[in-house]
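Open the model in your viewer and keep the selection tool ready. We will go stop by stop.

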Amino acid sequence: MLYPELFKTMEAVRWNMAHDIPWGDFDRSKLSDEQAQTIKMNAITEWAALPATEMFLRDNRGDSDFCAFMSVWFFEEQKHSLVLIEYLRRFRPDLVPTEEELHNVRFEFDVAPELETLMLHFCGEIRLNHWYRRAAEWHTEPVIKAIYKTVAQDEARHAGAYLQYMRRALHDRGQDTSEQARVAFSKIGVLMASAGRTQQALHPTNLHVNKDLFPNDTVQSRLPEPGWLEHWLDTQIRFDGLWEQKVATRILHILSKLMDRSFETVKDLNRYRKEMTALVVPKEKKIILGDA
């Protein structure tokens with residue numbers, strides 16, 4: 001089981017909101033209304049760890065180890081929302097999200113293949129780490145800069161934890177699971193490393209997850225300002241092509257090590273995806289025909 005050791009390692013570096021955030025360094029002159037509004041939107045977005053956790057527990061019912069790890073992930077992600085809310089409570093109480101605004105991002109996600117969802121959230125953590133590092137650079141107020149640096153480090157650790165479960169699927173769950181994982185990881189990897197070619201911000205909170213609620217079925221669409229994410233990325237923190245390339249390079253580098261195959265470009269990864277799909281799909285069809 002991975003959960004016991006993950007719990008120990010993550011608890012050892014867990015920060016304390018009362019003592020590890022430099023609240024006393026607040027400088028009101030360095031916090032603009034524009035910046036404060038983005039903090040509110042980020043706080044509500046982070047609250048969406050709640051429905052994501054409900055999804056993980058539902059779709060991984062047969063994996064108690066992974067579901068137990070969700071207790072750590074859920075706690076730390078909700079603390080991200082809470083520390084941003086606490087910042088607003090102390091310094092901009094007029095912008096503290098209402099309970100209704102928070103609850104509005106809690107809705108049911110459609111069932112999805114668990115290996116694809118695992119890879120999607122692994123990539124999402126990498127992307128968030130880079131987003132928050134950039135946000136820390138954009139902000140000018142010392143306390144919120146420290147908060148974004150702190151939560152960025154958490155997101156990197158979460159990616160590392162998901163990576164352990166990805167490695168387990170590849171090496172410790174038998175050949176069939178390993179092959180399915182290679183297809184799933186390469187498929188989602190191609191998508192998430194190609195953000196520079198799309199208009200859409202590729203993160204789990206910005207993807208459609210409930211066909212019955214479409215188009216109001218992304219976390220971002222349910223925020224008080226549904227279009228804030230693109231504006232935040234493009235105009236405010238300026239998450240440009242250089243930063244997108246950093247995300248893509250990181251994803252390709254980790255997948256190269258994970259699959260023991262060199263992926264220099266998304267095209268390389270897509271070729272691998274096609275190879276694995278050609279290997280796995282005929283087997284699945286043969287099984288179905290045999291059962292029939």
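**Stop 1: Asp260.** Select Asp260, which counts as exposed because its relative accessibility is 71% and the cut-off for exposed is over 50%. This is a predicted model. Asp260 sits in the loop between α10 and α11, the latter spanning 266-291. Check its backbone too: phi of Asp260 is near 55°, a positive value in a residue other than glycine.

**Stop 2: Arg238.** Now select Arg238. Its phi is near 50°, again positive in a residue other than glycine. Arg238 lies in the loop between α9 and α10, and α10 covers 241-259.

**Stop 3: Phe214 and Pro215.** Select this pair and show the backbone. Is the peptide bond from Phe214 to Pro215 cis or trans? The bond is cis, with omega near 5°. Pro215 is found in the loop between α8 and α9, where α9 is 228-236.

**Stop 4: Glu76.** Select residues 64-91 to bring up helix α4, then pick out Glu76 within the helix. Is Glu76 buried or exposed? Glu76 is buried, because its relative accessible area is 3% and buried means under 20%.

**Stop 5: α6 against α8.** Next come two helix pairs. Two packed helices are described by the angle between their axes and the distance between the axes. Select residues 114-138 for α6 and residues 174-192 for α8. The two pack at an angle of about 40°, with axes 8 Å apart. That angle makes α6 oblique to α8. The crossing of α6 past α8 is right-handed.

Show side chains at the contact:
- From α6: Leu115, Glu116, Leu118, Met119, Leu120, Cys123, Gly124 and Arg127.
- From α8: Thr177, Gln180, Ala181, Ala184, Phe185, Lys187, Ile188, Gly189 and Met192.

Colour by class and this α6–α8 contact has 10 nonpolar, four polar and three charged residues.

**Stop 6: α2 against α3.** Finish with residues 33-47, helix α2, and residues 49-59, helix α3. Their packing angle is about 15°, and the axes are 5 Å apart. The two are therefore roughly parallel to each other, since angles under 35 degrees count that way. On the α2 side, select Thr45, Glu46 and Trp47. On the α3 side, select Ala49, Leu50 and Pro51. By class, the α2–α3 contact has four nonpolar, one polar and one charged residues.

Conventions. Residues numbered from 1 in each chain as written. Predicted model: local features only at pLDDT ≥ 70, side-chain atom pairs only at ≥ 80, totals over all residues. Heavy atoms only, no water. Axes fitted to C-alpha atoms, helices over the stretch in contact; angles between N-to-C directions. Helix = DSSP H or I, 4+ residues; strand = E, 2+ residues; numbered from the N terminus. Parallel < 35°, antiparallel > 145°, perpendicular 65-115°, else oblique. Left-handed = near helix turned anticlockwise from the far one by under 90°. Contact = heavy atoms within 4.5 Å. Nonpolar A, V, L, I, M, F, W, Y, C, P; charged D, E, K, R; others polar. Buried < 20%, exposed > 50% of the residue type's maximum accessible area, 1.4 Å probe, protein only.
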